[in-house]
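This report describes one protein model, going from a single residue to the sheet, the salt bridges and a surface patch.

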Amino acid sequence: MQHALQVARQGLGHVEPNPAVGAVIVDENLNWIADGFHQKFGGPHAEIDAIAAAGERTRGAELFVTLEPCSHHGKTPPCADAVIAAGFRRVVIGCQDPAPHVAGNGIARIQEAGIDVAVGVCEDEAIDLIAPFRKLMLQKQPWVHAKWAMTLDGRIATRTGHSKWISNEQSRAEVHRLRGHMDAIITGAGTVRADNPTLTARPAGPRKAMRVVVDTDGGSIVSDGNLLKTINEAPLLLCAAEASATSDHVKMLAGLGVEVFTTSKTDRSAALAQLLAELGRRNITNVLVEAGSGLLGSFFDGRHVDEVHVFVAPKIVGGTGALSPIGGQGMAQVSEDASINSMLVQQFGNDLLIEGRLRSSAS
Ligand SMILES: NC(=O)c1ccc[n+]([C@@H]2O[C@H](COP(=O)([O-])OP(=O)(O)OC[C@H]3O[C@@H](n4cnc5c(N)ncnc54)[C@H](OP(=O)(O)O)[C@@H]3O)[C@@H](O)[C@H]2O)c1
C-alpha cells in the first residue's frame, strides 16, 4: 500500500477535481506484477491502469488500491466491475471513497462477487492523500493553502511595506511550483497595491490557476497593473462587496474581462466563506492564499485554512509597525487549534520551508 500511495502522488495536480489514486498488483507471495495510477482527469482510473499493465496476470492475484474502486458510470465505467472481471483473489483498499455516490458501494459490489476485501490499510495516509477531494465532497469547499515568506523576526514586510524579497530565489521557484498545482490563487487589495503581482506560475505547472483579488471596491486593480496586463494569460476574479457591484470602476473592470463576484456579508470571515462556497461550486479543489496580514487574518479568524507553507528567511528587519503574517482578531489563548500536524521542514538555500496541516482542518 505504501508503494501504491507513492505511485498515486504522481497524479497530484493532473487529476483534480478527481482524487489522486494508486494501485499495485502482486501475486500470492506479494511479488510485484504491475502498478498504475490515475494520470489525468477523464483518463483511466488507477485500477484500470494497473489491470491493463498486468494483462492476464490479474487472475488469482491481489490488488492494493489507495481508494475504494468506484461503482458508478462517470467519465469511465465502474472500476468495481473491472476489478471483479479481472479475477482477483483479494482486494486491499486504503480508504473508503467519501463521494456520496460511491461511499461503500464499490466495496459492497466487490464483496458480493465473493472476493476477499480488506479496507483501511495505511488508512490515515490514504485519507491524507485525498484530503482536498474529501473536503470538496463533504463540505463543498476547496482545500485552502496559506503561504507566506517571513523574516526570522516574524515580519512579512518592513515598516514601509517593502517586501521584495524576503525569501531567496530557490524559495520563490518553489512558490511558482506550488502555484502550478493550484486551481485558484487568492490575494488581497493591500498586496495588489503594494506589490503589483502577476500571480501566474512561471514556468507553468500542470494546472492554470484563476487569480482572485479580495477587494471591497476593486480599487486595487488598475489598468496599468500586472493583473490586467496578463488578463489573457489566466482568468481574474474580483471578490467585492455587493454595494460596489454597480460602481463605474467595477463596471470598467468587468468590461475588460474581470469576472466579478460580490459578497453580501459585511463580516470579513463570513464574506470569505461565501467566496469559498462559490469556488467549491465550481469544483475548485486547491486554492493558495498569497496575501498580506489583513486577508490572511480573516482566513485564519474564519478557520478557513487547511495547510500552511511558510518560508522563513534568515533576515531581521524589526519595527513595531512592520506587518506580521496573520492579522485579524487572532486567538485569545494558545489552544490545540493553533497546532500544525505532520510538519515537514525543507531547506531552500538558507531559507527554511515549514509545511503542515492545521489540526483544526477538515481532513
Ligand atoms: N512576505 C509575504 O509573503 C507577503 C505576501 C503578500 C503580501 N505581503 C505584504 O503584505 C503587505 C500587504 O498586507 P495587507 O494586510 O495590507 O494586505 P492584504 O492582506 O493583501 O489585503 C488586505 C485588504 O484586503 C481587503 N479586504 C477585502 N475583503 C477582505 C476580507 N474579507 N478580509 C480581509 N481583507 C479584505 C481590505 O482592503 P479594502 O477594505 O480596501 O477592500 C484589506 O485591507 C504588503 O506590504 C505586501 O508586500 C507580504
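## Residue S361

S361 is found in the segment after β14; strands here (E, at least two residues) and helices (H or I, at least four residues) are DSSP runs, numbered from the N terminus. With a relative accessibility of 12%, S361 counts as buried. Buried means under 20% relative accessible area, exposed over 50%, and partly exposed in between (1.4 Å probe, protein chains only). Apart from its neighbours within four places in sequence, S361 is in contact with W143, V305 and D306, where contact means heavy atoms within 4.5 Å. Between the C-alpha atoms of S361 and V250 there are 34 Å, and the two residues are 111 apart along the chain.

## Basis of the values

The model is predicted: local features need pLDDT of at least 70, side-chain atom pairs count only at pLDDT 80 or more, and totals for chains, interfaces and linings use all residues. Residues are numbered from 1 along each chain as its sequence is written, and side-chain values use heavy atoms, with hydrogens and water left out.

## The open sheet

An open sheet with mixed pairing is formed by 9 strands, in the order β10-β9-β8-β7-β11-β6-β12-β14-β13. Two strands pair if DSSP finds at least two bridges between them. The edges are held by β10 (259-263) and β13, each with a single partner strand, so one side of each has no neighbour in the sheet. From one strand to the next, the twist averages 20°; axes are lines fitted to C-alpha atoms, for helices over the stretch in contact, and angles run from 0 to 180 degrees between N-to-C directions.

Helix α11 (residues 268-281) packs on the sheet and touches β6 (143-151), β7, β8 (210-214), β9 (236-241), β10 and β11. The direction of α11 makes about 135° with that of β10. Within the sheet, β7 (residues 184-188) and β11 (residues 286-289) run parallel and are joined by 3 bridges. A184 stands opposite V287 in β11.

## Salt bridges

The whole structure holds 18 salt bridges, each defined as a side-chain nitrogen of Lys or Arg within 4 Å of a carboxyl oxygen of Asp or Glu. One of them joins the side chains of R90 and D116 (3.5 Å, N to O). R90 lies in strand β4 (residues 90-95) and D116 in strand β5 (residues 116-119), so this pair ties together parts that are 26 residues apart in sequence. R90 is partly exposed at 25% relative accessible area, and D116 is partly exposed at 43%.

R282 forms a salt bridge with E259, with the closest N and O atoms 2.5 Å apart. Because R282 lies in the loop between α11 and β11 and E259 in strand β10, the pair ties together parts that are 23 residues apart in sequence. The side chains of E336 and R359 also meet in a salt bridge (2.2 Å, N to O). E336 lies in the loop between β12 (307-313) and β13, and R359 in the segment after β14, so parts 23 residues apart in sequence are tied together. R359 is partly exposed, with a relative accessible area of 40%. Salt bridges that share partners join E62, R89, R90 and D116 into one network.

## A nonpolar surface patch

I340, M343, V345 and L352 form a nonpolar patch on the surface, with about 330 Å² of accessible area together. Patches are made of residues with over 30% relative accessible area and no salt bridge, like charges being joined within 9 Å and nonpolar side chains (Val, Leu, Ile, Met, Phe, Trp, Tyr) within 5 Å. Accessible areas come from the Shrake-Rupley method with a 1.4 Å probe; for residues, only the protein chains shown count as cover.

Strand β13 (residues 340-348) gives the largest share of the patch, 3 residues. L352 has its place in strand β14 (residues 351-358) and is partly exposed, with a relative accessible area of 33%.
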